[in-house]
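Let's take a friendly walk through a protein model, one neighbourhood at a time. Keep the picture open as you read, and look up each residue when it is named.

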Amino acid sequence: MIVPSRAARRYAKALFDLALETGQMDAVKDDLSSLQVLSLESREFERFLGDYRLPRPIREKLLTDMLAGRLQALSLRFLTFLESKRRLGLLGQICGAFMSLHDRMNGIVRGQLMSAFDLAGTDVAAISGRVEATLEGHLLLNVAVDSDLLGGFRLRIGDVIHDFSVAGQLRRMKQRLVYG
């Protein structure tokens, strides 16, 4: 996960406030989600966003021709604004920061659960339930397998990692033995 730059967070906050003020939050969120997917799936689009060799009027025309009718007017105006400031290359980070603001507004906390093997749905629900009881919001977990863990699991929520893996326990035991 890429941590958004300060500028990306500011642009995301400005768009978030404007979308909230105009009552277009869901539409703008959907537009940014689509743009995020497009930039991940299309190398050409991703390259276009950060390549400013073309003159600005040509880039703006390409942008509007490509996305007009697919995005809400507010979203398209925001993209042309970013283009005018030569900040379109930050679009992926801005989308991520916007989604984080939207999650926070709706009381959603995202986390990642890494385990040594596939966990049963009941195990994931039990872990999620215990963690959710300590949070202010609803926990959405992305579950993945990491065979390097040997056993147990590692839970990441925001910037905090809770390591309940066998490898983590062995590491902590070694530190206690070596450093007292």
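## A serine and its neighbours

Ser115 touches Ala144, Val145, Asp146, Leu149, Gly152 and Phe153, leaving out residues up to four places away in sequence; contact here means heavy atoms within 4.5 Å. You will find Ser115 in strand S1, which covers residues 108-115. Strands (E, at least two residues) and helices (H or I, at least four) are DSSP runs, numbered from the N terminus.

Is Ser115 buried or exposed? Ser115 is buried, because its relative accessible area is 0%. The word buried means under 20% relative accessible area, exposed means over 50%, and partly exposed is in between (1.4 Å probe, protein chains only).

## How to read this model

This is a predicted model, in which local features need pLDDT of at least 70 and side-chain atom pairs count only at pLDDT 80 or more, while totals for chains, interfaces and linings use all residues. Residues are numbered from 1 along each chain as its sequence is written, and side-chain values use heavy atoms, with hydrogens and water left out.

## The sheet

Now step back to the sheet. Four strands form an open sheet in the order S2-S1-S3-S4, with mixed pairing; two strands pair if DSSP finds at least two bridges between them. The edge strands are S2 (138-145) and S4, each of which pairs on one side only. From one strand to the next, the twist averages 20°.

Which way do S1 and S2 run? They run parallel, and eight bridges join them. In S2, His138 is the bridge partner of Ile108. Helix H8 (residues 166-179) packs on the sheet, where it touches S3 and S4, and its direction makes about 95° with that of S4. For such angles, axes are lines fitted to C-alpha atoms, for helices over the stretch in contact, and angles run from 0 to 180 degrees between N-to-C directions.

Ile108 lies in strand S1. With a relative accessible area of 24%, Ile108 is partly exposed. Leaving out residues up to four places away in sequence, Ile108 touches Asp103, His138 and Leu140. Ile108 and Gly129 are 21 residues apart in sequence, and their C-alpha atoms are 14 Å apart in space.

Strands S3 (residues 152-157) and S4 (residues 160-165) run antiparallel and are joined by six bridges. They form a hairpin with two residues between them, and Gly158 in the turn has a positive phi of about 65°. Gly152 has Ser165 as its bridge partner in S4. Ser165 is buried, since its relative accessible area is 0%. Apart from neighbours within four places in sequence, Ser165 is in contact with Leu149, Gly151, Gly152, Phe153 and Arg154.

Which residues of helix H3 (residues 43-50) are buried? They are Phe45, Phe48 and Leu49. These residues lie on the same side of H3 because they cover an arc of only 100° around the axis, the arc being that of the directions from the helix axis to the C-beta atoms. In general, an α-helix has 3.6 residues a turn, so residues three or four places apart point the same way.

The face of H3 turned away from the buried side carries the exposed residues Arg43, Glu44 and Arg47. The cover over the buried residues of H3 includes helix H2 (25-41), helix H4 (56-67) and helix H6 (91-105). Arg59 lies over the face of Phe48, at 4.5 Å from the ring centre. A charge sits over a ring if NZ of Lys or CZ of Arg is within 6 Å of the ring centre and within 35 degrees of the ring normal.

## Rings that meet

Rings of Phe, Tyr and Trp (its six-membered ring) pair if their centres lie within 6.5 Å; planes under 30 degrees apart count as stacked, over 60 as edge-to-face and the rest as tilted. By this rule there are three aromatic pairs. Among them, Tyr11 and Phe81 have ring centres 6.1 Å apart and planes at 70°, so the pair is edge-to-face. Tyr11 in helix H1 (residues 6-22) and Phe81 in helix H5 (residues 73-84) are 70 residues apart, so to speak linking distant parts of the chain.

Tyr11 is buried, with a relative accessible area of 17%, whereas Phe81 is partly exposed at 37%. The rings of Phe16 and Phe98 have centres 5.6 Å apart and planes at 65°, so this pair is edge-to-face. Phe16 in helix H1 and Phe98 in helix H6 link distant parts of the chain, 82 residues apart. Both Phe16 and Phe98 are buried.
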